[in-house]
Amino acid sequence: MPLLTLADAELAYGELPLLDRASFAMEPGERIGLIGRNGTGKSSLLGVIAGVVTLDDGELRRSSGLRIAFVPQEPEVSSDPAVPKHRLEEFLHRFRLDPDTKPETMSGGEKKRAALALAFAQQPDLLLLDEPTNHLDVDAILILEYLLLKQSAGIVITHDRAFLDRVATRTLELDRGQLFSFAGNFSYYESKKTEQLAAEAIANRKFDRFWAQEETWIRKGIEARRTRNEGRVTRLEHLREERAARRERTGKVKLAVGSTQRSGKLVAELTDVSKAFSGDRPVVKNLNLIVSRGDRIGLIGPNGAGKTTLIKLILGTLEPDSGNVRLGTKLEPVYFDQMRAALDPEKTVAETIAPGSDWVELPGGRKHVMSYLGDFLFPPRRAQSPVRMLSGGERNRLLLARLFAQPANLLVLDEPTNDLDIESLELLEAALQDYAGTLLLVSHDRTFLDNIVTQTVAAEGGGLWKEYVGGYSDWLRQKPSSSDFAVVKSKTGREKARAKLSYKESRELEALPKEIEALEAEQHALAARMHAPEYYKQPADILRADQQRIGEIEKLLLEKLERWAALELRL
């Protein structure tokens, strides 16, 4: 029996319906990746399933007693959640959160992790997650992947392609009000979607050709009236109605990074650079790094490691506590601000791009602001909307539009992929691959990093940073915890050999799930014991030992999850 069934669902907020007689059914044990362009209604559909959005028409049937946990894009965290305390604290520890942290003091990323912990602690039959990887670092994403793989059923909206490939057993696409199902993960969807769009284009061309022939016939005047067939006239009326009702796919975002004069060969040289903030905690310690013209560097590390601080040191906008930063010549940097501080919420979309003018001055010449905004999928009516009315994805597209209107030979992108749909993300990748300047990129999107960067600077802990050849997957193979299966590189350092797993590694891969389960069981038992009423009456050395073991378990779990991901990647 299906967990839930959606039948002939209709939902509309504007001129075009988000759901247009849409239907699908979900079976127990399925993990569905829900994808589609920004604005197509994915979040609204998830809200319908969660019971917080009401359909205009159609029916949603849920199995009897179905327990649902829903984590929206911007979750609110309760200070007194109605779940067993020790179970919630277990999942808060997994997501590296202090259980005593007050919700009102949490950052957006901490609220997301707390909401995810609460959702898993509820042990739902169906888990609904809307963009869960936004604002999570890679370690937290790996933990989320593992927990989802153990979840009985779930529906996830995300643009993280590596995440979809790992957890999805079915891909559901919302396109022009309809739901299209693909059995498999995102990679399988991509191969089948190309075939589907090609078939749709052929069918539309045949329809349009036949329709044009019928329109020619009806306009023949006297000859047509003499031989007019009423059935043929009726058919033409139906053809006109069908063509008028056809919803075309929205055009593609047109991205091209503006180029300018070349910088000097040296972009930046950092010599023994150190930087610390409150409590003398080192963010950067004794770093030596050379950034040369044309480098494409990805910065990775957990939230709070200091990636944005390192970028500011490289750009020379932040002074180091010690060491020296030497900047190259003819630098023209453009900075994509992670927090979107460059956007004035009260200005219109058009004013943001071309203040006081109808034209945008581009490296290749002038372009009317409406035409330029159209390249980023903003229709003319949207150009006069204030920025505060835009969705997260629209704001990101607007910031990219503003960014790419400026010539730059040093492009700095700090989390540019948040809220972008997958198609826009892939077009951004293509634009950056064609970019001739120097690129500094901060991202937790593993596929995006693999497709863009040629070298990685990773946080090693304690303010130490180390440079690796290649993208995220290359770093994963080379990092110290997985040095026993270091990558074999060609002379260029860019190509890698994907050797088969050795017998020892195969046995290790088979054993890892059980080892992780054993650690989780120990963690669960320890958490339960620590919440017993008489627990704190024990000697202090026992309390200290338990606290130390909790930390050890968290570290071991993370190491084994990373090792599991690395071995599966090689396999």
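Which residues of α14 are buried? I started my notebook with that one, keeping in mind that this is a predicted model.

**Entry on helix α14.** I looked up the helix and found that α14 covers residues 422–433, twelve residues in all. From its first C-alpha to its last it reaches 16 Å, close to the 16 Å expected at 1.5 Å a residue. For my opening question, I wrote down Ile 422, Ser 424, Leu 425, Leu 428, Glu 429, Ala 431 and Leu 432 as the buried residues.

**Entry on aromatic pairs.** Next I asked how many aromatic pairs the structure holds. The answer is six. I picked out Phe 91 and Phe 120: their ring centres are 6.1 Å apart and their planes meet at 15°, so I noted this pair as stacked. I liked that the pair links distant parts of the chain, with Phe 91 in helix α2 (residues 85–94) and Phe 120 in helix α3 (residues 108–121), 29 residues apart. Both Phe 91 and Phe 120 are buried.

Then I turned to Phe 182 and Tyr 189, an edge-to-face pair with 5.0 Å from centre to centre and 85° between the planes. Are these two buried or exposed? Phe 182 has a relative accessible area of 7%, so I filed it as buried. Tyr 189 counts as buried too, at 9% relative accessibility. I also saw that ring pairs link Phe 182, Phe 186 and Tyr 189 into a cluster.

**Entry on charges over rings.** Last, I checked where the charged end of Arg 166 sits. I found it over the ring of Trp 564, 5.0 Å from the ring centre. The charged end of Arg 397 sits over the ring of Phe 378, 5.0 Å from its centre.

Notes
Residues numbered from 1 in each chain as written. Predicted model: local features only at pLDDT ≥ 70, side-chain atom pairs only at ≥ 80, totals over all residues. Heavy atoms only, no water. Helix = DSSP H or I, 4+ residues; strand = E, 2+ residues; numbered from the N terminus. Expected span 1.5 Å × (residues − 1). Buried < 20%, exposed > 50% of the residue type's maximum accessible area, 1.4 Å probe, protein only. Phe/Tyr/Trp six-rings, centres within 6.5 Å; stacked < 30°, edge-to-face > 60°. Lys NZ or Arg CZ within 6 Å of the ring centre and 35° of its normal.
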